[in-house]
Amino acid sequence: MEHPKCDRPIGVFDSGMGGISVLKELYKVMPQEDYIYFGDSKNAPYGTRMAEEIREMTIANVQLLLGQGAKGIVVACNTATAAAVRMLRSMYPDVPLVGIEPAIKPAALQPGHPTILVMATPMTIKGEKYKALMMRYEQKADIIGLPCPGLVEFVESGNTDGADLKIFLEDLLAPYLREIDSIVLGCTHYPFVRRLIEEIAGERVRIFDGGLGTAREMRRRLEVAGLLTSRKGNGSVIFENSLATEEEIELSRTLFQKNLG
């Protein structure tokens, strides 16, 4: 007999719109599942806030999704993961709960001791989780952390390919382009500007992000827990946002549909 929780939705949380890049990977890996996506755009960006404040907001928003019957939770925000996932796992040990971290491992394991630029929010770069991850692979690669204050706001406003954004990224990346082999997109907002980053960095520089790995890990945990749905066909996706405006919901849908497939 199927577990009654199997047909409940997967809850996906982010500080704003960025986690939709992870939601897209989840949908590709598990299209038959239902999803509730909650973006806390009212309080975005998280990456310039204090750790305790980020932890409190993350826990409150995850509890909101659990209150709506989510069978598993994806914290689709690097900053929120670093601040709160350990505590959330201790609070909800029976809930499949997956966070996201910068994809330093696959970038560092490229041959030839690569030089990697990790683009992330200031809080992610300062966090202990990032420092521990960097130390784990510092023998295999030269790793440069690049705080990117202001970049999240472009995506939150729906600007993913404007001329002003291109100038912003060119100024940000220019000092590093001659020396780096790879760029790690260490914030879930950044895949939405990946095309521009690729254009600026050139074909020689490989781009990494952690969305697909997070989606596969969520599928694995649901499978272990016996919580994968047995329904056929595509599931539903519900968007919610702390700003609760139709503009935010419409932008969420637009970002989700963009290049989906």
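Mentor: In this predicted model, Val62 touches Ile73, Val75 and Leu88, once residues up to four places away in sequence are set aside. Val62 belongs to helix 2, which covers residues 51-67, and it counts as buried because its relative accessible area is 0%, where the cut-off is under 20%. Val62 and Gly11 are separated by 51 residues in sequence, yet their C-alpha atoms are 8.0 Å apart in space.

From there we can turn to strand 1, residues 10-14, where Asp14 is found. Asp14 is buried yet has no salt bridge, and the nearest side chain of opposite charge, that of Arg49, is 12 Å away. The side chain of Asp14 does, however, reach the backbone nitrogen of Gly18 at 3.0 Å, and one of its polar atoms also lies 3.0 Å from the backbone nitrogen of Gly19. Beyond its neighbours within four places in sequence, Asp14 is in contact with a set of residues including Tyr37, Phe38, Gly39, Asp40, Ala76, Cys77, Thr188 and His189.

As for the sheet, it is an open one of five strands in the order 4-3-1-2-9, with parallel pairing. Its edges are strand 4 (97-98) and strand 9 (237-241), each of which pairs on one side only. Strand 9 pairs with strand 2, residues 35-39, in the parallel sense over five bridges, and within that pairing Tyr35 has Val237 of strand 9 as its bridge partner.

Notes:
Residues are numbered from 1 along each chain as its sequence is written. This is a predicted model: local features need pLDDT of at least 70, side-chain atom pairs count only at pLDDT 80 or more; totals for chains, interfaces and linings use all residues. Side-chain values use heavy atoms; hydrogens and water are left out. Helices (H or I, at least four residues) and strands (E, at least two) are DSSP runs, numbered from the N terminus. Buried means under 20% relative accessible area, exposed over 50%, partly exposed in between (1.4 Å probe, protein chains only). Contact means heavy atoms within 4.5 Å. Two strands pair if DSSP finds at least two bridges between them. Lys and Arg count as positive and Asp and Glu as negative; His and the chain ends are not counted. A salt bridge is a side-chain nitrogen of Lys or Arg within 4 Å of a carboxyl oxygen of Asp or Glu. A polar contact is a pair of N or O atoms within 3.5 Å; within protein, one must be able to donate a hydrogen and the other to accept it, and residues adjacent in sequence count only if both atoms are side-chain atoms.
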